[in-house]
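Reader: I am new to this structure and would like to go through it by question and answer. Please show it, then begin with the terms.

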Amino acid sequence: DKFHSLYVVRSGCFKTVYTDLSGSEQVLGFPMCGDLMGADGIDSGHYSSTAVSLDTSEVVIVPLASLARLAYECPSLEALLYRILSRELVRVQNMTWTLGTLGAEGRVAAFLLSLSARLGALGYSRCSFNLRMTRQEIGSYLGLKLETVSRALSALNTAGIIQVHQRSIDIVDAAALRGVIDPGAGVPASIA
């Protein structure tokens with residue numbers, strides 16, 4: 001679609017998906033409350049991804065022209081916009097680090113810790129939550145097969161680091177989960 005607005009998630013959870021010319025899909029992210037969607041259309045004038053709601057969700061539609069005017073008139077809004085865009089950039093950089101350096105269990109651990117931190121920042125439990133996304137969608141996001149995600153979750157469960165019951169996740173030992181990512185130093189602060 002032609003770009004016209006940005007979308008701020010007010011409630012719920014989405015997945016953003018890129019579909020290539022052959023119809024293959026790649027999950028790009030899982031925007032939640034407070035996250036921005038649609039910024040991928042600013043440069044080219046067309047949205048390059050599709051947002052799909054994973055549960056009952058609401059968005060605030062913000063036409064770019066209105067946002068630009070308001071940001072000019074209200075410096076605190078401009079600063080907030082920069083913070084939101086910076087947060088998205090850091091999230092992309094962390095995903096690049098995750099995909100470039102970690103094996104399957106590490107990727108799944110990093111995903112769970114990131115999701116835990118995001119939910120905690122929204123006032124939800126960091127230790128006990130339901131996955132809104134399927135294992136297939138998680139795999140697409142992490143560059144893994146569905147079976148690999150399931151095996152990694154099972155291995156973390158068997159090790160007593162997490163407890164898995166269908167889509168319900170309980171983080172039993174967050175330190176051990178961080179240890180799966182990197183037993184030493186070097187874990188980006190936003191993942192740890």
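Author: A contact means that heavy atoms lie within 4.5 Å. This is a predicted model, in which local features need pLDDT of at least 70 and side-chain atom pairs count only at pLDDT 80 or more, while totals for chains, interfaces and linings use all residues. Residues are numbered from 1 along each chain as its sequence is written, and side-chain values use heavy atoms, with hydrogens and water left out.

Reader: Which residues does T16 touch, not counting residues up to four places away in sequence?

Author: T16 belongs to strand β2, residues 14–19; strands (E, at least two residues) and helices (H or I, at least four) are DSSP runs numbered from the N terminus. The relative accessible area of T16 is 12%, so T16 is buried (buried is under 20%, exposed over 50%, partly exposed in between, with a 1.4 Å probe and protein chains only). With residues up to four places away set aside, T16 touches Q26, V27, L28, G29, P31, M37, S49, T50 and A51.

Reader: How many helices and strands are there in the protein?

Author: By the DSSP runs described above, the protein has six helices and nine strands. Its radius of gyration is 17 Å, close to the 16 Å that the globule rule gives for 192 residues, so the protein is as compact as a globular protein of that length. The radius is taken over C-alpha atoms, and the rule is 2.2 Å times the number of residues to the power 0.38. The counts asked for are six helices and nine strands.

Reader: What share of the contacts with a separation of 6 or more comes from residues 24 or more positions apart?

Author: Of the 192 residues, 34% count as buried. Among contacts with a separation of 6 or more, the share from residues 24 or more positions apart is 67%.

Reader: How many aromatic pairs are there?

Author: Rings of Phe, Tyr and Trp (its six-membered ring) pair if their centres lie within 6.5 Å; planes under 30 degrees apart are stacked, over 60 edge-to-face, and the rest tilted. Ring pairs join F3, Y7 and Y47 into a cluster. By this rule the number of aromatic pairs is five.

Reader: Why does the pair of F30 and F111 tie together parts apart in sequence?

Author: The ring centres of F30 and F111 are 5.9 Å apart and their planes stand at 70 degrees, so the pair is edge-to-face. F30 lies in the loop between β3 (25–29) and β4 (36–37) and F111 in helix α3 (residues 104–121), so the parts tied together are 81 residues apart in sequence.

Reader: Which residues is S116 in contact with, leaving aside neighbours within four places in sequence?

Author: S116 lies in helix α3 and is buried, with a relative accessible area of 7%. The C-alpha atoms of S116 and R126, ten residues apart along the chain, are separated by 4.5 Å. Beyond its neighbours within four places, S116 contacts R126, F129 and I171.

Reader: Is Q166 buried or exposed?

Author: Q166 is in the loop between β8 (162–165) and β9 (168–171). Its phi is near 55 degrees, a positive value in a residue other than glycine. Most residues other than glycine have a negative phi. At 62% relative accessibility, Q166 counts as exposed.
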